[in-house]
Amino acid sequence: MYSTGCLFTIGWLFRRGDQDENAWSDLHHAFFQPGMGHRHGGTQQNNLMFGVEFPDGSKASTAHQPVPGFMEPAVEPTPPVLALHGGGGNGGDDELSGSGTLWLWPLPPVGDLRLVAQWTQFDVAETSVMLDGGALRDAAAGVQRFFPEEDTPER
């Protein structure tokens with residue numbers, strides 16, 4: 001938890017169903033290709049996507065997250081912002097697993113925060129869970145600085 005936003009640690013697991021070797025190989029390849037986005041020039045997003053909806057109706061999605069390094073450091077983005085940062089993953093003959101973190105900025109207001117996930121390429125339809133924005137704000141109120149700010153020495 002941070003004073004201005006929060007991180008969610010997330011994980012996902014897929015077990016092999018009735019896919020033949022070729023279909024499983026295609027899914028295995030897609031699983032480890034983050035940010036594939038629009039496939040074959042189509043308009044449907046196929047990659048893993050997360051989204052949030054604040055109590056006031058404002059939304060953010062990882063489908064629109066800027067590519068790291070292409071955003072001006074001095075420009076503050078329009079809130080809210082949701083960014084997925086990959087953590088890792090592994091897979092084999094029967095299972096694929098992955099993890100990552102979601103950075104949400106700013107902290108949501110008091111009320112219901114809807115967290116959404118979807119991965120159409122893996123037949124995961126949009127699904128969501130409601131979180132308590134007030135509880136997140138309360139947790140952020142207890143944030144303590146680990147390192148005090150140091151004065152910058154003059155040159």
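Guide: Buried means under 20% relative accessible area, exposed over 50%, and partly exposed in between, with a 1.4 Å probe and protein chains only. Helices (H or I, at least four residues) and strands (E, at least two) are DSSP runs, numbered from the N terminus. The model is predicted: local features need pLDDT of at least 70, side-chain atom pairs count only at pLDDT 80 or more, and totals for chains, interfaces and linings use all residues. Residues are numbered from 1 along each chain as its sequence is written, and side-chain values use heavy atoms, leaving out hydrogens and water.

Visitor: Which residues of helix H1 are buried?

Guide: Helix H1 comprises residues 21-31. On its other side, Glu21, Asn22 and Asp26 are exposed. The buried residues are Trp24, Leu27, Ala30 and Phe31.

Visitor: Against which strands do the buried residues of H1 pack?

Guide: Contact means heavy atoms within 4.5 Å. By this criterion, the buried residues of H1 pack against S1, strand S5 (95-105) and S6.

Visitor: Which residues of helix H2 are exposed on the face turned away from its buried side?

Guide: Helix H2 spans residues 133-141, and its buried residues are Gly133, Gly134, Leu136 and Ala140. These cover an arc of only 160 degrees around the axis, which puts them on the same side of H2. The face turned away carries the exposed residues Asp138 and Ala141.

Terms used:
Arc of directions from axis to C-beta.
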